[in-house]
Each structure stands twice: as C-alpha cells, then as structure tokens.
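User: Could you walk me through this one? I'd like to start with the ligand and then go on to the backbone.

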Amino acid sequence: MAKLDLVMFEEEFKQLQDIIGRLQKDASAKVVFLVDKNGQQIASAGDVHSIDATSLASLTAGNVAATDGLAKLIGEKEFSLLFHEGEKDNLHISIVGKRGILVVIFDQSSSLALVRLRVKKTSRELLEIFERVETRAQSESSNTTKFESPFSEITDEDIDKLFGD
Amino acid sequence: MTFINYASREINCKIVYYGPGLCGKTTNIQWIHEQANPEKRGKLVSLATETDRTLFFDFLPLDMGTVKGFKVRFHLYTVPGQVFYDASRKLILRGCDGVIFVADSQKPRMEANIESIANLATNLKDNGFDIRTIPYVLQLNKRDMPSAAPVDEMERLLRFRNEPMLEAVANQGTGVIETLKACARQILMELQKG
Ligand SMILES: Nc1nc2c(ncn2[C@@H]2O[C@H](COP(=O)(O)OP(=O)(O)O)[C@@H](O)[C@H]2O)c(=O)[nH]1
Ligand SMILES: [Mg+2]
C-alpha cells in the first residue's frame, strides 16, 4: 500500500477552521478540536490556550485507537462516539470519516443533547471536505503532473541545521 | 503519514521507538526531553504502570526549526515492549513515518531483539507498511554493559537492509540525538519523492 500523505491547502484549512468555529459557538462549547486519527491536530476553536492541545491530540488518538481495538475484539466495526463526563467539564469525542476525530469540551452552559445535535451537522460538512482532500490526493498520485513539492531539494545541510549543527 | 499543512506551513512527522522490554526506548525520549530547549519541546506524556513500565505509549512533541520555510515538528512515540502488549504496539504504529529500533546489547537479550524485529515486521505490515522500505534506524543500546555482545555479531543478527546503525548508551545520552537525526534524515528525504 502506498503511503498517502495528508496534504492540506490554505482554502480547505480555512473551511475546516470556519466549520469548527461555528460548532464551538452553536454548541456553546468551551473548546473544539479537530484531530487526525494519528494524533495530529488539524484545527481548533474556542479557549484553546487553556489546554495543552498537542497532548490532547495524541491522547485522544490513543484513546480512539484503543477503543477501535476493543470494538474489533467484540466484532464491532467501530464505536463512533465516546463520552467522558467530569465534575465540571465533559469530553465528547466522535469519529468523522476515516481519519478525523472531533473533540468537544463543554460544561453546564451546554448539554449533551445540544452537543450531539450540532456535532452531527458538523460531521457531515467535515466529511465533504475530507472527501475532497482525499479525491485530490488520489488523482495526484495517479497523475504525473502533480503539484510542485517545496521539498524537492532538501539537502544534508538543511537537516544539520534542524539539529542545530 | 506525514501531515503537511500549507496553511500554517507545518510538517508533522511521527517517529516510533520500537524494541523489546527494557531496551531503553523510554530512556531515549526522556533524554531528548531533558536536552531540548524548553521552548521547543512539548510535554512528555507517559502512560506508564506504577512501576514505570510503559503501559500504552510515551509521547513527546518536538519543534525542530524550519526546512524550506516549513516548521518541522516531530512526534516521538515509544511502544510498550512486553510481549503481551502486542495489540497496543500495533495501534501506535498506525500512520508512522519512521521507526527507530532500539536493540538491547546484552547477550542474553539477543533472542528478544530478534523476536521484536519480527514482531515489528508483522505489525508494520498490518498497518500497510513494509519494514524493508519505511525510514528505519537500528540503535545498539546499552553499549556500556559488561555483557554487551560485539557490534559485528549484533550487526550480523539484526541488521537486514543496510540501515543506519548507531551505538548508544541512552541513559548517558550517547548516540541518542544521532539516532533521531538518522531517522529524521530518511523521513525528510522521502518527502522529496513527493
Ligand atoms: N546501563 C545502561 N542502562 C540503560 C541504558 N539505557 C537504558 N537503561 C536503563 O534500562 C532500564 C529500562 O529502560 P527503559 O527506557 O524504561 O526501557 P523501555 O522498556 O525500552 O522503555 C532503565 O533502568 C534505564 O535506566 C544504557 O544504555 N545503559
Ligand atoms: Mg518504556
């Protein structure tokens, strides 16, 4: 299987960002994150500085991966929803398509019902964009005239510089 | 799966440290964490048991600087080494860009090293990767141990694709950064192929 890189362009990224921002407002959530199943953050909205987003992304992906493993074990394809209820804050985690995870953090100024409703709508919108990104990636990998990679001339010096010597 | 974001001009790469239990995977990334500029490193997340054995994974995000105007960020993961955590190991390899195999140089651990490489090959395959082509580095760790096997013997037993092979004493930091760099080089060179 060929390795399919996730390449996100400005326009798609802005659309994702808009959708996530709208969800955060409509669901009266504190923070919303869109995370890749491999643990990388894609977009976020709300009071993001109150949280270590990188760790959140990685742990969420780990959590989803473990839950996926559990699902397979009992013969389910996947559990599309995870909900963690805390004393003040709650964590709503849902799967979007093949590679997206949507994380919504909310407190008593919202409700599970509202979050669930808004997440459903958002998921559909996100899915459309994901599909567009994927279709493009596929047509590019079968096409010889793909976009010019900015990394076509990475040198040993570039790598030395990264490591500070 | 490298995540290239043209909007925020970021490249994210996932590197997994693999190897048998107690070979020094966690020690490698602990050392990197201690050495890294506090502004460039994220928090070291360890999902460990009461006795400090890795339960699910350790995770360290690292900002490396820029290449061609793109911010490069590494996400370092370690797997739990014990045989019975195989399901977790498979999950962590999901979407990885490169693997660092940490071998334990102690003679009595040679069988465990060999088994772990075979296990890595299987788990990579189940994730759609090929151990013969994925960016890969072999680290011979614990070179300071009196029972360390000779390097050429380890090479004969463990090296299978002319991959970079580095000697290390991870708890003293010897060879740790060099190992990471050897893996990073392969990953970034892969990007050139587009
Ligand atoms: N002597 C020696 N001990 C080491 C070295 N690297 C790691 N250790 C020790 O080996 C033990 C297991 O290391 P750890 O990183 O937890 O192993 P892991 O199971 O692969 O994550 C710890 O006590 C480390 O301090 C090394 O190069 N030399
Ligand atoms: Mg460990």
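User: Which helix gives the largest share of the shell around ligand 1?
Analyst: Bearing in mind that this is a predicted model, the largest share comes from helix α1 of chain B, residues 25–35, which contributes three residues to the shell.

User: And how many residues surround ligand 1, and which are the closest?
Analyst: There are 14 residues around ligand 1, and the closest are Leu22(B), Lys25(B), Thr26(B), Thr27(B) and Asp144(B). By type, the shell divides into five nonpolar, six polar and three charged residues.

User: Which backbone atoms sit by its oxygens?
Analyst: A polar backbone atom of Leu22(B) is 2.8 Å from an oxygen atom of ligand 1, and a polar backbone atom of Cys23(B) is 3.3 Å from an oxygen atom of the ligand. On the side-chain side, a polar atom of Asn141(B) lies 3.0 Å from a ligand oxygen.

User: How much of ligand 1 does the protein bury?
Analyst: Taken alone, ligand 1 exposes 580 Å², and the protein buries 76% of that area.

User: Switching to the backbone, what is the phi of Ser28(A), and where does that residue lie?
Analyst: Ser28(A) has a positive phi of about 50 degrees although it is not a glycine, and it lies in the chain A loop between α1 (10–26) and β2 (31–36).

User: What about phi in Asn162(B)?
Analyst: Phi of Asn162(B) is near 60 degrees, again a positive value in a residue other than glycine, and Asn162(B) belongs to the loop between α4 (151–158) and β8 (165–167) of chain B.

User: Is Asn162(B) buried or exposed?
Analyst: Asn162(B) counts as exposed, because its relative accessibility is 67% and the cut-off for exposed is over 50%.

Conventions: Residues numbered from 1 in each chain as written. Chains lettered and ligands numbered in written order. Predicted model: local features only at pLDDT ≥ 70, side-chain atom pairs only at ≥ 80, totals over all residues. Heavy atoms only, no water. Near = heavy atom within 4 Å. Polar contact = N/O pair within 3.5 Å; in protein donor to acceptor, adjacent residues only side chain to side chain. Areas by Shrake-Rupley, 256 points an atom, 1.4 Å probe, with all protein chains shown as cover. Helix = DSSP H or I, 4+ residues; strand = E, 2+ residues; numbered from the N terminus. Nonpolar A, V, L, I, M, F, W, Y, C, P; charged D, E, K, R; others polar. Buried < 20%, exposed > 50% of the residue type's maximum accessible area, 1.4 Å probe, protein only.
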